[in-house]
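Dear colleague,

Please find below the structure I am handing over to you, followed by an account of what was found in it.

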Amino acid sequence: MSLKSPPPAPVRDGRADRGRLPPGPGALRACMARFATGVTVVTYTDGGPDGHGDPRGATMNSFTSVSADPPLVLISVAQRARCHDQLTGQPFCVNVLGAEQEPLARLFAGSRGTAEPRWVPGARIPRLHNPLAWFECEPWRSYSCGDHTLVIGCVTDLGYRDGDALTYAWSRFGTAAQSTDGIEHLI
């Protein structure tokens, strides 16, 4: 048996790769842009003077599961974000967006557009209508980490539907087709 060398890396800008870069914010962003993620809108209330404020949301792609027992999920919120203080210490809902919901992602990221959010009437925590999946969460823990706060929520209710997922990579939105393999248990 002979071992073959791997094929050479694609040449870009005259070099095989960009090599090692100092781990500053620009290099970190350039590397992270190559990691495809799903897209979520995290919804909450603005608090309001009576504690029952208006529904709000923020587009985030930094979301992951932490534990199955207890059911915990994590979002990472920039400390300079307008939603930061409202998302730490209060209930929130993570809405995983379907491919057709890109206009909502853009709206809650602060882009101008014509998207108009539809809210689920009577939801305990503001929730978008018809996301691909959703997780209602009670605050569990928060950790200040550099310029972000890691907010861990304990999932109190959840649901999902079929459909293609909205993705984000290379600073662009994309689509991940729904799998029909039935291998959800592997993750």
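Is R127 buried or exposed? The model is a predicted one, and in it R127 has a relative accessibility of 14%, so R127 counts as buried. The salt-bridge partner of R127 is E136, with 3.8 Å between the closest N and O atoms. E136 is likewise classed as buried, because its relative accessibility is 5%; the cut-off for this class is under 20%.

Salt bridges

The structure contains five salt bridges in total. One of them links E100 to R161, whose closest N and O atoms lie 2.5 Å apart. E100 sits in the loop between β6 (92-96) and α3 (102-108), and R161 in the loop between β8 (148-160) and β9 (165-169), so this pair ties together parts separated by 61 residues in sequence.

A further salt bridge joins the side chains of E138 and R124, at 2.8 Å from N to O. Here E138 belongs to strand β7 (residues 133-145) while R124 is in the loop between α3 and β7, so the parts tied together are 14 residues apart in sequence. With a relative accessibility of 28%, E138 counts as partly exposed.

Sheet

An open sheet is formed by three strands in the order β1-β9-β10, with antiparallel pairing.

With kind regards

Notes. Residues numbered from 1 in each chain as written. Predicted model: local features only at pLDDT ≥ 70, side-chain atom pairs only at ≥ 80, totals over all residues. Heavy atoms only, no water. Salt bridge = Lys/Arg side-chain N within 4 Å of Asp/Glu carboxyl O. Helix = DSSP H or I, 4+ residues; strand = E, 2+ residues; numbered from the N terminus. Buried < 20%, exposed > 50% of the residue type's maximum accessible area, 1.4 Å probe, protein only. Pairing = 2+ DSSP bridges.
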